[in-house]
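This briefing concerns the architecture of one protein chain. Please consult the sequence and the structure shown below while reading the points that follow.

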Amino acid sequence: MSSYGITRADKIIIVLGPTGTGKSTFIDYAIGGNGEGIGHSLISRTQEITVHKTVMGTPPQSFAFVDTPGFDDTTKPDYDVLTKIAEFLARIQNDKLNLGKLLYLHRITDNRMDSAQLKNLELFAGMCDTRTMSRVVLVTTMWKLMDPLRGRLAEKELKGDFWKKLIQQGCSVERFDDSSESVARIITGFSKTTNISGVDQEGKIDGIAISDQVTDPGQLQLSPSPLPPSTAVLKRAKTTRMHAKDRVILLLGYTGTGRSTFINAIGRGDNAVVNSPFSVQPCTKEISAFRLQSRDQIKDPIVLVDTPGFGTHSDYTILGNISNWLEVHHAIDVVSILFFCQIENNRVTSSDVSTWENFKLLCGEVAMKASVTVVTTGWDCAESSNARYIDRESELRTHFWKECDFLRLERDTCSTFSTSACTILDNSVRSAPGSRLRIQTEMIHEKKPLEQTTLGQQHSQNRSTQRKLQKQVKDLVRSVRNGLILAFFRIGRLSL
């Protein structure tokens with residue numbers, strides 16, 4: 001028996017994936033639990049490799065499920081995670097144990113495939129070999145939190161684009177619906193397929209095929225609502241014609257958090273001011289400005305400036321473009337910055353923390369307190385449905401974003417969504433005038449090039465550190481890949 005309590009009679013199932021994708025929940029259902037005992041903090045909880053044994057299938061077979069720390073862990077670098085996986089594989093190889101399957105979990109609720117997720121997928125793909133791909137399963141999780149139609153469209157895009165090469169090489173794709181039955185189906189293939197939120201594995205809802213022509217299912221459920229008197233017509237502004245009297249509100253945030261949807265809600269008089277079809281691909285490609293002619297006591301026009309979401313490119317690229325835009329339009333007055341994030345996200349990853357730290361370098365301490373408001377999106381209209389998000393908001397305020405005020409934006413399926421968006425806009429405009437950003441002071445007044453600003457110098461230091469780690473991570477990925485090949489072909493053939 002190995003130090004993990006695994007015997008040669010056990011089939012080993014290694015569960016991998018980014019932090020917060022439900023690895024521990026999946027294993028809890030595998031061993032007969034119901035997922036209720038799993039922690040739901042925004043900080044990653046699984047720090048060490050743990051093994052959980054159970055029996056399932058016909059005839060009964062003993063399985064050892066291996067829970068692993070997630071990629072993009074809140075505090076643990078990927079290098080440490082890969083080191084632990086490599087050490088575990090070396091142990092099971094030395095003990096001549098049987099590796100059955102390798103699972104990679106992905107949240108179907110993720111609105112975008114951002115750069116962090118692409119990096120995680122690249123790490124995982126590098127660990128796999130074409131000869132072992134038949135034992136690799138890509139598992140989508142959290143279907144019960146996803147609109148069935150959106151889930152189907154997201155799954156189709158994942159299969160046809162991001163996972164296409166892995167699927168062509170022989171790996172399979174399965175859905176986990178928070179049940180012991182779906183675990184058994186994924187692991188043994190003998191369990192009856194379970195209907196997930198009304199959507200079957202062929203992509204039908206109640207037996208009716210889903211049309212592939214629908215591009216924005218969210219708009220189908222958006223009920224019209226009256227606009228408050230503070231808004232009028234919102235039109236795309238030519239950035240070459242920005243005016244000194246323009247009251248500029250910068251919209252920043254992680255990709256897929258609803259900045260473009262927010263703009264569409266404000267400009268409800270102009271249908272689809274921003275074209276944002278449902279897709280896991282990023283929508284906003286460049287900085288765009290939209291001028292709102294107000295009808296109330298605020299005489300100067302408001303300009304909403306939409307920016308590419310963090311995760312579409314490196315933080316430095318995005319923040320650098322914003323810095324250059326501010327330098328070009330040095331005469332404008334930035335009255336507020338709205339930073340968007342999804343309250344539905346169940347983890348704050350290391351990428352999230354890095355982005356926030358870089359954002360603070362752009363703003364500076366004074367502007368962070370005076371100008372920045374965090375807008376959390378995804379709140380339900382019914383107050384009773386938000387109970388699970390209250391603790392997350394409190395944790396964000398306490399541990400991560402304590403410098404800023406918070407506002408809530410309800411879901412785009414709510415009839416009050418436009419009113420909610422306009423209330424946030426009015427609050428931003430009517431609050432005290434914002435403070436000049438640090439990057440504006442450094443680039444406009446001190447005449448520093450971007451690379452010599454506080455943001456630029458920190459980026460240079462980070463890049464030097466990252467280059468050193470990249471080679472180490474590459475070597476570890478190769479080690480894990482070789483360990484998997486040896487474990488799968490322990491006796492010259494696949495073990496399952």
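Two strands are taken to pair if DSSP finds at least two bridges between them. In this predicted model, 6 bridges join β1 to β4, and the two strands run parallel. They belong to an open sheet of 6 strands with mixed pairing.

- From one strand to the next, the twist averages 30°.
- Within the pairing of β1 and β4, Ile12 has Leu99 of β4 as its bridge partner.

**Helices on the sheet**

- Helix α2 packs on the sheet and touches β1, β2, β3 and β4. The direction of α2 makes about 175° with that of β1.
- Helix α3 lies across β1, β4 and β5, and runs at about 165° to β4.

**Nonpolar cores**

- The largest nonpolar core has 47 residues. Those with the most contacts inside this core are Ile12, Ile14, Leu82, Phe88 and Leu102.
- Elements giving two or more residues to this core include the strands β1 (11-16), β3 (61-67), β4 (98-107) and β5 (136-141). Also among them are the helices α2 (78-94), α3 (115-127), α4 (148-162) and α15 (454-488).
- A second, separate core has 45 residues, including Ile287, Ala289, Phe310 and Leu450.
- Ile14, listed above for its contacts in the largest core, touches Val66, Thr68, Phe88, Leu89, Leu99, Lys101, Leu102 and Leu103, when residues up to four places away in sequence are not counted.

- Gln342 lies in strand β13 (residues 333-342). Gln342 counts as buried because its relative accessibility of 12% falls under the 20% cut-off.
- Apart from neighbours within four places in sequence, Gln342 is in contact with Asn111, Gly256, Thr257 and Thr377.
- Ser182 is placed in helix α6 (residues 180-188). With a relative accessible area of 0%, Ser182 is buried.
- Ser182 touches Arg175, Phe176 and Asp177, residues up to four places away in sequence not being counted.

Definitions and conventions: Residues numbered from 1 in each chain as written. Predicted model: local features only at pLDDT ≥ 70, side-chain atom pairs only at ≥ 80, totals over all residues. Heavy atoms only, no water. Helix = DSSP H or I, 4+ residues; strand = E, 2+ residues; numbered from the N terminus. Buried < 20%, exposed > 50% of the residue type's maximum accessible area, 1.4 Å probe, protein only. Contact = heavy atoms within 4.5 Å. Core = buried A, V, L, I, M, F, W, Y, C linked by side-chain atoms within 4.5 Å. Axes fitted to C-alpha atoms, helices over the stretch in contact; angles between N-to-C directions.
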